[in-house]
Amino acid sequence: MNSLRSLIAAILCVLLSPLPAVCAPADSAQRAGEIKALIPAATRNAQTAQAKDALAWNDLLQTGPSGRIRAGLLDGSILSLGSSSELRVVQHDSASQQTVLEMNLGKLRSKVVKITRPDGKFQVKTPNAVIGVIGTDFFVSYEGERTTVICYAGKVTVTALGNAKVNSNSQSANSAPVVPVILNAGQMVVISNDVPPSALHADSTPTAMSSASLTDTDVPMPRPPVVSHTLANLLIVGIPLVVAGVVIGVVSAKGSTTLPCVINPKTKQCG
């Protein structure tokens with residue numbers, strides 16, 4: 001019976017060959033983007049990662065103590081994963097603007113393009129928090145059951161999950177819970193499982209912490225080959241001279257004529 005079904009499916013694929021989507025495997029990977037740059041050691045789905053590797057839904061990116069990954073999503077958003085980190089691209093549909101990322105460990109910087117669809121979303125989930133954005137530049141870290149979120153630009157919403165609480169270093173506190181916490185540029189919040197909600201609003205980000213978060217997720221892009229000044233000058237000057245010489249030679253060859261030889265009666269020579 002199974003062989004008969006397989007035969008029928010094969011025949012249908014041949015007949016419907018102009019429609020490749022019909023014949024594609026049901027479990028074919030949906031593309032989400034690609035790796036732009038990395039610092040070894042880093043892996044994609046437990047295999048050594050390389051620049052220009054394609055990213056698909058549910059791909060798992062992991063970095064070692066010295067590794068980092070910079071990835072570009074199809075909508076133009078940029079993800080910079082720090083060392084000793086783990087990130088899963090659960091979903092990324094650029095057309096419907098539906099993106100979900102899961103980070104169970106480490107540090108991540110996200111530069112997200114603006115969400116324009118009313119039902120669009122861009123979420124980063126940690127074990128104890130959900131971070132949502134409309135279009136912004138922000139940092140998320142999850143270490144020791146603590147989620148730290150820093151907003152560099154735009155606006156970020158942070159919601160604690162389960163028994164996690166919103167913690168902050170501010171001396172003041174709101175009288176009522178704020179869900180979600182809204183971060184503006186220059187603000188941060190910490191979500192923890194073991195700290196009482198002594199403060200329920202965003203704090204200003206310490207300068208040192210903001211600088212460290214940027215450094216920890218910096219992944220340099222590959223530089224193009226460098227041409228020495230001497231070689232560059234030779235190419236700049238030499239190529240036009242060669243071209244000019246060829247043009248002059250061709251013009252001279254086309255314009256030249258051969259005069260007939262007239263014998264001088266006295267010298268018996270031409271001229």
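I started with Thr-136 and listed its contacts, skipping neighbours within four places in sequence: Ser-110, Lys-111, Val-112, Cys-151, Ala-153, Gly-154, Lys-155 and Val-156. A reminder to myself: this is a predicted model.

Next I asked where Thr-136 lies. I found Thr-136 in the loop between β11 and β12, the latter covering 137-143.

Is Thr-136 buried or exposed? I noted a relative accessible area of 6%, and buried means under 20%, so Thr-136 counts as buried.

I then followed the side chain of Thr-136, which reaches the backbone nitrogen of Gly-154 at 3.5 Å.

On to the strands. I saw that β11 (residues 129-133) pairs with β14 (residues 155-160) in the antiparallel sense, over five bridges. Opposite Val-130 I found Thr-159 of β14. I also looked at β14 with β16 (residues 181-184): these run antiparallel and are joined by four bridges. There, Val-156 has Leu-183 in β16 as its bridge partner.

Val-156 had already turned up among the contacts of Thr-136, and I met Val-156 again in the largest nonpolar core. That core has 36 residues, and I noted that Phe-122, Ile-131 and Val-156 touch the most other members.

Which residues does Ile-131 touch, not counting those up to four places away in sequence? My list reads Phe-122, Gln-123, Val-124, Thr-126, Phe-138, Val-140, Thr-147, Val-149, Val-156, Thr-157 and Val-158. Lastly, I found a second, separate core of five residues, including Phe-139, Ile-150, Tyr-152 and Met-188.

Conventions: Residues numbered from 1 in each chain as written. Predicted model: local features only at pLDDT ≥ 70, side-chain atom pairs only at ≥ 80, totals over all residues. Heavy atoms only, no water. Core = buried A, V, L, I, M, F, W, Y, C linked by side-chain atoms within 4.5 Å. Buried < 20%, exposed > 50% of the residue type's maximum accessible area, 1.4 Å probe, protein only. Contact = heavy atoms within 4.5 Å. Pairing = 2+ DSSP bridges. Helix = DSSP H or I, 4+ residues; strand = E, 2+ residues; numbered from the N terminus. Polar contact = N/O pair within 3.5 Å; in protein donor to acceptor, adjacent residues only side chain to side chain.
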